[in-house]
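Please keep the sequence and the 3D view side by side while reading. The walk-through goes from the whole complex to single residues.

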Amino acid sequence: MPRTAFDHHLHELQEEVLVLGSMVEKAIYRSMEALKNRDLDLAKHVVADDSKINQKRFEIEEMCVDLIVTQQPMAGDLRIIIAVLNIIVDLERIGDHAAGNAKIAIMIGNEPPLKPLIDLPRMAQKTGDMLRRSLDAFINRNAEAAKKIATEDDEVDALYDQVFRELLTFMAEDSRTITRATRLMWVGHNLERSADRVTNICERVVFVVTGKMEEIGVSKY
Amino acid sequence: MSAKSAQKLALAFIWGSGVITVLILFLIIGYVLARGLPAFSFDFLFTAPKGGLSGEGGISTAIVTTIYLALLTVSILLIPGIGAAIYLSEYAKDNWLTRIIRYGVDTLAGVPSIVFGLFGFVLFVTTLHFNFSLLAGALTMVCLLLPTLIRTSEEALKAVPRSHREAALALGATRWQAIWHVVLPSALPGIITGIILCMGRIVGETACLYVTLGGSAAMPTSLLSGGRTLSLHLFYLAMETNAFEKAMATGAVLIIIILIINTLTNWISHRFQTRMLRGV
Amino acid sequence: MDPKIETKQLNFYYGKLHAVKNVTLNIREHQITALIGPSGCGKSTFLRTLNRMNDIIPGARVEGEVLLDKQNIYERSVDVVELRKRVGMVFQQPNPFPKSVYENVAFGPKMLGLSHKINLDEEVEKSLRAAALWDEVKDHMDKSGLALSGGQQQRLCIARVLAVEPEVILMDEPCSALDPISTLKIEELMRDLTKNYTIVIVTHNMLQAARVSDLTGFFLLGELVEYNRTVDIFSRPGDKRTEDYITGRFG
């Protein structure tokens, strides 16, 4: 069977993307946990681990360059490698957002909580879940699943709206809550951006399968 | 026996064969030249043989007859010979007719020359009333040599790579243009070599001409005059006179002519090769 | 715009062997069309039907039509010599005649009887310039064509074809006998030639087809499997067989 070595490398490449994906998924959950439980040690770990995520992304990028140079990939093989190059950028940015949330957890420190966190953890849960499933769709070349996942971004957007309005109310009623509220808004923003990035990943999955590059679902704005 | 010893033995054997062959060659030529050169002289080459038991005279008429015969034969031979070769190589389809023609050509090439001589005697000398003459001799030689020339010319034509014909056709040449302007010029060295070899055979032929040229020792004056070529003259000298030295001398002249012909063939081939491969 | 060459349900037989099966294909003017496919898939045979070079093969039979500017070239009234002037061919092995460079290029015009109507010297120079060979041979016009290097010989063959002023140039694996640098020079030459000519190239080098052509057709076992813009064929082929061939996962 020709090109077994190349097939092996392609398989390896996609495995590495899954590894990166799981590192990023963990970062999302851990940063939210650190925020909820005021676990400053956990937060510091998340921040430190972000450099590992960046490192991994560069390793995968180098693997892609090597494969292009040595194998001159065409058609489907080429689309896989191009998709990987783009997906790892999105993953790395999501990792940055998660690290950002961990830093906010450190900044909040032991200040009295504004309110119990409910919607924000929901957003994190949803985003992490979308991420994992989008990478599954990539491995399984499931364009339909990818398109569906991309539309779930609306749910995350809706949750963010809710968080935003709730925090505005707090700030309007008591100006001493502004600092804390703004920080929490930023956490919500990070998660909302992360979900958008997952949508990008879904678009790449469709590209790999069909060869077409198009946007899935336009925001209501 | 080990492989190395077997190799040494084989090499020695091959070398030995080569040496023996060359020795034989030198022996024959050397003997003839040695015994013949004493009889050599300006007169010898330029006076006519006077006949008689002592073989008076030289070999001038024989030389002239040989030249006339060679030129006449080749000029008659050229067009049918090369034409047939072109037909067989370029136009003939691979069917039963072509195969019969080829078989005929190959068979004729192997027929002994005396048979052709008898055929020539019956047809040209007797039936057509040419009598013993240059014409009869030349026509008989044409029959003898036609198969050979066809074969060598066909080989030369076949040796031209197919791609040259294709390239010519692809440029809009007709089939005949491709043959005339590309294939023939490329095959020319091979064809010329074939012609020169035919000349060599003419010079050396005896049996065939014995019954068609006759034995006249006079200078030929027309196509219908008889005559004797060098090889015939040698035969007559050896069989009918005591002039053994003169026979040897004639032999020496023959050998020298053959050597010249061979050298000429090699030289022409070589020059054409270099001209085609490296430019003028 | 009308295609320069159109084949309609073209079938070709070598005796009993059905070498080209029902191929319908349009060749666009002033573009390079590449035909790719594994060995023995019929692409060279197909190419040679476009200038009737297959006529010389005994047992060759054509069904269907090949239209050059809307006229079927297999009609009885067609003059094959005239056809081959309009549709020229460059072969896989460079095959200059054993004549001088000048005589090689002048051969076509001379055979076609054009030597009285045109200035032969000018035509030879023009063709050699167009083939990017003039500078290298202008002082050696009497040199034998066989004395040139492989890449130069192939460019000489191209000049030879250009001298008869064709409209279409067919190239049957023109670079497969050449070194990489000569190959790239000829590829560049091909792109320049599209200004004035239409080019169809058969190649078993896929990367070359990707580099050089505007349209690509994939042949397999005598059939035309897929025919599209080159960038589409190589980045998102529609047929799985094309994808397998292009990604090297055949067999």
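Residues are numbered from 1 along each chain as its sequence is written, while chains are lettered from A and ligands numbered from 1 in the order in which they are written.

Start with confidence. The predictor assigns the complex an ipTM of 0.89 and a pTM of 0.82. For chain C the mean pLDDT is 92, and 100% of its residues reach 70 or more. Here pLDDT is the predictor's confidence in each residue, from 0 to 100. Where pLDDT is low, predicted coordinates should not be read in detail.

Now look at chain C. Its secondary structure consists of ten helices and ten strands. Helices (H or I, at least four residues) and strands (E, at least two) are DSSP runs, numbered from the N terminus. The C-alpha trace spans about 55 × 45 × 35 Å along the principal axes of chain C. The radius of gyration of chain C is 18 Å, which agrees with the value near 18 Å for a compact globule of 251 residues. That radius is taken over C-alpha atoms, and the globule rule is 2.2 Å times the number of residues to the power 0.38. Of the 251 residues in chain C, 47% are buried. A residue is buried if 20 or more other C-beta atoms lie within 10 Å of its own, exposed if 12 or fewer, and partly exposed in between; C-beta atoms are placed from the backbone.

Chain A is built otherwise: it has seven helices and zero strands. Its pattern along the sequence is α-α-α-α-α-α-α. The C-alpha atoms of chain A fill a box of roughly 70 × 35 × 20 Å along the principal axes. Buried residues make up 41% of its 221 residues.

How do the chains meet? Two residues are in contact if their C-beta atoms, placed from the backbone, lie within 7 Å. Between these two chains, the contact takes 26 residues from chain C and 20 residues from chain B. On the chain C side, α2 (80-86), β6 (87-90), α3 (101-111) and α6 (150-162) each give two or more residues. By class, that side has 15 nonpolar, six polar and five charged residues. Ala, Val, Leu, Ile, Met, Phe, Trp, Tyr, Cys and Pro count as nonpolar, Asp, Glu, Lys and Arg as charged, and the others, Gly among them, as polar.

Turn to chain A. Twelve residues of chain C are in contact with nine residues of chain A. Here α9 (230-235) and α10 (240-246) of chain C give two or more residues to the side that touches chain A. This side divides into five nonpolar, four polar and three charged residues. No contact joins chain A and chain B; their closest C-alpha atoms lie 35 Å apart.

Last, the backbone. Most residues other than glycine have a negative phi. C:Q9 has a positive phi of about 50 degrees although it is not a glycine. C:Q9 lies in strand β1 (residues 5-14) of chain C. C:Q9 is exposed, with 11 other C-beta atoms within 10 Å. C:A132 also has a positive phi, near 60 degrees. C:A132 sits in the loop between α4 (120-130) and α5 (134-137) of chain C. C:A132 is partly exposed, with 18 other C-beta atoms within 10 Å.

Terms used:
Predicted model: local features only at pLDDT ≥ 70, side-chain atom pairs only at ≥ 80, totals over all residues.
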